[in-house]
Amino acid sequence: MRDLFTEDWLKSLKKLGSELPSIDLTITCQYEISSAPQGKVRYYIEIENGKVKDAELGKHPSPNCSISTTYKEISSILQQKKSVATSFMQGNFKIEGEYEKYLLTMNAIRSTKEWLNMQQALMTL
């Protein structure tokens, strides 16, 4: 695991995420990751019809939800050692805004083989 949350990593996320199955989900998620090797990282992901439309460093002007967590926590999720729901329930993954959409509706994507394959690919970059 290296180079998480860099421009290249986000480009890979965008490419791999564009191949996810289509579902009825459109959401923009703003992430703030603390304690990353490069310091605090802010990035956002736009999902349209279940596919990643955009993923960029910085702040989105109008996200549906904002997520804050630590580098260690998000790494555990990406490595599939912990689920988003478990991390959220433990208070280690904070969601503001449309948290139900993020936790419940997005679970339809997170439970697909394509999502798991994307996570594995992103961890090997």
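Before the first click, one term: buried means under 20% relative accessible area, exposed means over 50%, and partly exposed lies in between (1.4 Å probe, protein chains only). Helices (H or I, at least four residues) and strands (E, at least two) are DSSP runs, numbered from the N terminus. You're looking at a predicted model, where local features need pLDDT of at least 70, side-chain atom pairs count only at pLDDT 80 or more, and totals for chains, interfaces and linings use all residues. Residues are numbered from 1 along each chain as its sequence is written, and side-chain values use heavy atoms, with hydrogens and water left out.

**Helix H6.** Select residues 113-123 and show side chains. The buried ones in H6 are Trp 115, Met 118, Gln 119, Leu 122 and Met 123. Look down the axis of H6: these buried residues fall within an arc of 130° (taken from the directions from the helix axis to the C-beta atoms), so they line one face of the helix.

**Gly 17.** Stay with Met 118 and pick Gly 17, one of its contacts (heavy atoms within 4.5 Å). Leaving aside neighbours within four places in sequence, Gly 17 also touches Lys 51 and Val 52. Gly 17 sits in helix H1 (residues 7-17) and counts as buried because its relative accessibility is 0%.

**The core.** A nonpolar core is a set of buried Ala, Val, Leu, Ile, Met, Phe, Trp, Tyr and Cys residues joined through side-chain atoms within 4.5 Å. Which residues have the most contacts inside the largest one? Select Phe 5 and Tyr 102, in a core of 35 residues. Then colour strand S1 (residues 27-36), which gives the most to this core, with five residues. Around Tyr 102, beyond four places in sequence, the contacts include Ile 27, Cys 29, Tyr 31, Phe 93 and Arg 110.

**Leu 57.** Next, go to strand S3 (residues 51-57) and pick Leu 57. Buried or partly exposed? At 37% relative accessibility, Leu 57 counts as partly exposed. Its contacts, leaving aside neighbours within four places, include Phe 5, Leu 10 and Tyr 43. The C-alpha atoms of Leu 57 and Tyr 43 are separated by 4.1 Å, though the two are 14 residues apart along the chain.

**Zoom out.** Switch to cartoon and you'll find six helices and five strands. Of the 125 residues, 40% count as buried.
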